[in-house]
Amino acid sequence: MSGTIPRLVIAAPSSGAGKTTVATGLMAAFAEAGLAVSPHKVGPDYIDPGYHALATGRPGRNLDAYLCGTERIVPLFRHGARGCDLAVVEGVMGLFDGASGQGELASTAQIAKVLRAPVVLVVDASSQSRSVAALVHGFASWDPEVRLAGVILNKVGSDRHEALLREAMESSGVPVLGALRRTGTVHAPSRHLGLIPVAERRTEAVESVRELAARVREGCDLEALLALARSAGELPDEVWDPAAEVAAAGGASDGRPVIAVAGGAAFTFSYAEHTELLRAAGAEVVPFDPLRDERLPEGATGLVIGGGFPEVHAPDLSANAPLRAAVAGLAAAGAPVAAECAGLLYLSRSLDGRPMCGVLPADARMTDRLTLGYREAVALKDNALAAAGTRVRGHEFHRTTVEPGAGAAPAWGVIRPARRVEGFTADRVHASYLHVHWAATPAAATRLVAAAAGGR
């Protein structure tokens, strides 16, 4: 795959400036104009890509150099953007903020440089006028390898305020490509871990995205933004291919086992590449909703339960006793089960005092403490996802705790930032708080599918 993919990176000086508002609005506006738009998100976040997918009709994909390795960013980007007219990449935190203590690693700036993409800075202008030019000048000059090519002014108060901001920006050398007014009409509600996922408010989310597109069309110069995207340079030709990754990790399994994948409002956290790898490894992937379905998909011999918000839906999850029993029965029968974060809670004996599946000898509860950050870990013994000694990079993001925090056979030995053991393995169950991106460890998919097919 060769040629230039028109692309923009939407960044900000800090969190809260309006990156998601602008990026999602741009994606929706360009998609409504008839362009095939590829949506991407810097970092490990699962929630924003759900809104991106709603805006574009394509899977929202993450670009995380810490989780996947810098060398995979362009191939993963090309994989997601295949056949598209435009790619819009939403940044993470502030433009230069990345993995703690590791320089620019996993920052928006690093991804922009790797992708050779122009950056549009979204600035919260609500409490400034001339100072906006000084702020933009600082960001534009900090790293000459980052091409800060435009600014979108957000939360502008009035015509007079906009005029002052534009006048100040004339001396910065960075063009203003849009100005969005303060408004309370578009609202994306949030709670303890960020925005509420699309799956929990789909009707309202559809309307929010439509209104964001209208705001962006009204306030931004879409022609100038598209021209800027088309000015991006050439990229290396390598494209990430799940079939090739599976072949290199041991090959696909025979028999086409059915892998059940939890979804619905309680389990919304999943990277698109996981399902692609499972299918490439020979599985038939069948989604199910633990809030609604009373049985697992017919013929399931493997189970994946990703992240989400089971604590919000604990009463309904607990009330679905037939499915809880089915999950416990599948695990007891020796089927491979992979659970991350929310899946860990669901497999526990209880969550906030309500019965869960009882697969793990542990109890979970909500806390006031946010656990957040990147981790490096190693598999301590052979298990459903990894051979002993396999090193991974992952991410934790939760306000819950599980007691005990590890079983007799932990899932991982965490190496950094602090040494500890974490999670549970027993028979073919692998349950952990750690979110791992399988694009960096495709053997996770091949091992799971092989086990489901009876090969391990």
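Which residues does Arg61 touch, not counting residues up to four places away in sequence?

Modeller: Happy to walk you through it. This is a predicted model, in which local features need pLDDT of at least 70 and side-chain atom pairs count only at pLDDT 80 or more, while totals for chains, interfaces and linings use all residues. Residues are numbered from 1 along each chain as its sequence is written, and side-chain values use heavy atoms, with hydrogens and water left out.

Arg61 touches Pro39, His40, Lys41, His79, Gly80, Ala272, Glu273 and Glu276; contact means heavy atoms within 4.5 Å. Arg61 sits in strand β3 (residues 61-63); strands (E, at least two residues) and helices (H or I, at least four) are DSSP runs, numbered from the N terminus. With 8% relative accessibility, Arg61 is buried, a label for anything under 20% relative accessible area with a 1.4 Å probe and protein chains only.

Ala272, Glu273 and Glu276, three of those partners, lead us to helix α11 (residues 272-280). Helix α11 lies across β10 (258-262), β11 and β12 (300-305), and runs at about 140° to β11. Such angles run from 0 to 180 degrees between N-to-C directions, with axes fitted to C-alpha atoms, for helices over the stretch in contact.

Those strands belong to an open, mixed sheet of 6 strands, in the order β11-β10-β12-β13-β21-β20; two strands pair if DSSP finds at least two bridges between them. β11 (284-288) and β20 (424-426) form the edges, each with a single partner strand, so one side of each has no neighbour in the sheet. On average, neighbouring strands are turned by 15° against each other, direction ignored.

Further along, β13 (residues 337-340) runs parallel to β21 (residues 429-432), and 4 bridges join them. Val337 faces Val429 in β21. Helix α13 (residues 321-332) also packs on the sheet, where it touches β11, β12, β13 and β21, with its direction at about 110° to that of β12.

Beyond its neighbours within four places in sequence, Leu278 is in contact with Ile259, Val261, Ala283, Val285, Val304, Trp438, Ala445, Leu448 and Val449. Leu278, Leu225 and Trp438 have the most contacts inside the largest nonpolar core, which has 110 residues. A nonpolar core is a set of buried Ala, Val, Leu, Ile, Met, Phe, Trp, Tyr and Cys residues joined through side-chain atoms within 4.5 Å. Helix α1 (residues 19-32) gives the most to this core, with 7 residues.

Conventions:
Buried < 20%, exposed > 50% of the residue type's maximum accessible area, 1.4 Å probe, protein only.
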